[in-house]
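Trainee: I have a structure open and would like to learn how to read it. Could you take me through some features, one at a time?

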Amino acid sequence: MSRIALITGATSGIGKATAQLFADAGIDLILCGRRQERLDEVSAELSGKVKVTTLVFDVRDKGAVLAMIGSLPDDWKNIDILVNNAGNAHGMGALDEGDTEDWDAMIDGNVKGLLYVSKAVIPLMLEKGAGHIVNISSIAGKQTYANGAVYCASKAAVEVLSEGMRLELTQHGIKVTNVAPGAVETEFSLVRFKGDEDRAEKVYQGFDPLQAVDIADAILYAVNAPSRVTIADITILAGAQSAATTIHRK
Ligand code: NDP
Ligand code: 8X3
């Protein structure tokens, strides 16, 4: 029987690449994001391979998260894999100059949003005594850097939540994998720098950055591991990267 995966942030970057690899692996898809047109495009691309349905919600909106996931028809509620991927950095700068709306967007989206989605999905997995949750953290959750402290804090929270989930859910047959990528070339920097393309491009200049498919590949590996194996934590850096902010550029 084919598996069902719910992927948040499936309109772009790592989430979209994960949807593409999952479709190639025959995994049916519940694709989530805020941009309906993007979800429609990904759905059109993949629905020849697997069954696809889409849900439009902002992960920060607790009511919408619970209502949308709760509104899935029963057969779609049989979720085997949850990929908690939706998230972004907003702004970059010192704490004393920080924009509190950016802080809210990061804490509410990357931390509370992940919790709301998990709250909607975990009971469905508990009911069937099986499941796999993949949380997308970051190298920024393991190593703090100046001018990124709030984003780093939000991802450090994801690291802790992955541990907490694993401690609570393993006994119920639910695996938890924490994935911590380094520098991946997606729309991430464009969002962080609020549409400033020059600034975003500079992040990936002078080295070969990770691509979204590299992270998707690791996620697929984790969810395909045999039942005796839990891939608990994966850190993936770019080939030229030795730490969060140490990148060897040409
Ligand atoms: P993208 O900007 O390309 O994708 C972000 C995705 O998250 C989009 O699909 C976006 O969808 C969704 N999203 C963002 N905010 C919300 C929200 N409030 N509600 C619902 N969906 C939301 O970036 P990436 O693919 O790189 O990022 C994916 C994850 O990987 C993030 O959690 C990020 O922190 C993490 N990460 C990224 C790294 C990188 O270097 N790129 C490195 C380490 C971790 P939409 O706008 O349609 O809602
Ligand atoms: C994104 C990677 O190092 O820019 O999580 O924070 S980093």
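Trainee: Let me start with side chains that touch. Which residue's side chain does the side chain of His132 join in a polar contact?

Mentor: A polar contact is a pair of N or O atoms within 3.5 Å; within protein, one must be able to donate a hydrogen and the other to accept it, and residues adjacent in sequence count only if both atoms are side-chain atoms. Here the side chain of His132 meets that of Thr177 in a polar contact of 2.8 Å. Before we go on, note that this is a predicted model, where local features need pLDDT of at least 70, side-chain atom pairs count only at pLDDT 80 or more, and totals for chains, interfaces and linings use all residues. Side-chain values use heavy atoms, with hydrogens and water left out, residues are numbered from 1 along each chain as its sequence is written, and chains are lettered from A and ligands numbered from 1 in the order in which they are written.

Trainee: Where is His132 placed, and is His132 buried or exposed?

Mentor: Helices (H or I, at least four residues) and strands (E, at least two) are DSSP runs, numbered from the N terminus. His132 belongs to strand β5. For burial, under 20% relative accessible area is buried, over 50% is exposed, and in between is partly exposed (1.4 Å probe, protein chains only). His132 counts as buried because its relative accessibility is 6%.

Trainee: What about Asn84: which strand holds Asn84, and why does Asn84 count as buried?

Mentor: Asn84 is in strand β4, residues 81-84. Its relative accessible area is 3%, so Asn84 is buried.

Trainee: Where is Pro209 found, and how many residues separate Pro209 from Glu185 in sequence?

Mentor: Pro209 is in the loop between α7 and β8 (210-211), and Pro209 counts as buried at 9% relative accessibility. In sequence 24 residues separate Pro209 and Glu185, while C-alpha to C-alpha they are 6.0 Å apart. Ala200, in helix α7, is buried too, with a relative accessible area of 7%.

Trainee: Now backbone angles. What is the phi of Asn147?

Mentor: Phi of Asn147 is near 75 degrees, a positive value in a residue other than glycine. Asn147 is in the loop between β5 (131-136) and α5, and is partly exposed because its relative accessible area is 39%. Lys194 also has a positive phi, about 55 degrees, although it is not a glycine. Look for Lys194 in the loop between α6 (188-192) and α7 (197-203); its relative accessible area is 52%, so Lys194 is exposed.

Trainee: On to the ligands. Which residues are around ligand 2?

Mentor: A residue is near a molecule if one of its heavy atoms lies within 4 Å of it. Around ligand 2 you find Ser138, Ile139, Ala140, Tyr145, Tyr151, Gly182, Phe188 and Arg192. That shell has five nonpolar residues, two polar and one charged, where Ala, Val, Leu, Ile, Met, Phe, Trp, Tyr, Cys and Pro count as nonpolar, Asp, Glu, Lys and Arg as charged, and the others, Gly among them, as polar.

Trainee: Which side chains have an N or O atom 2.6 Å from an oxygen atom of ligand 2?

Mentor: Ser138 has one at 2.6 Å, and Tyr151 has one at 2.6 Å as well. For the side chain of Tyr145, the distance to a ligand 2 oxygen is 2.5 Å.

Trainee: And how many residues surround ligand 1?

Mentor: There are 29 residues around ligand 1, and the closest are Thr11, Ser12, Arg34, Tyr151 and Thr186. By class, the shell has eleven nonpolar, twelve polar and six charged residues. Helices α1 (13-24) and α5 (149-169) each supply at least two of the shell residues. As for contacts, a side-chain N or O atom of Lys155 is 2.9 Å from an oxygen atom of ligand 1, and a polar backbone atom of Gly9 is 3.0 Å from a ligand 1 oxygen.
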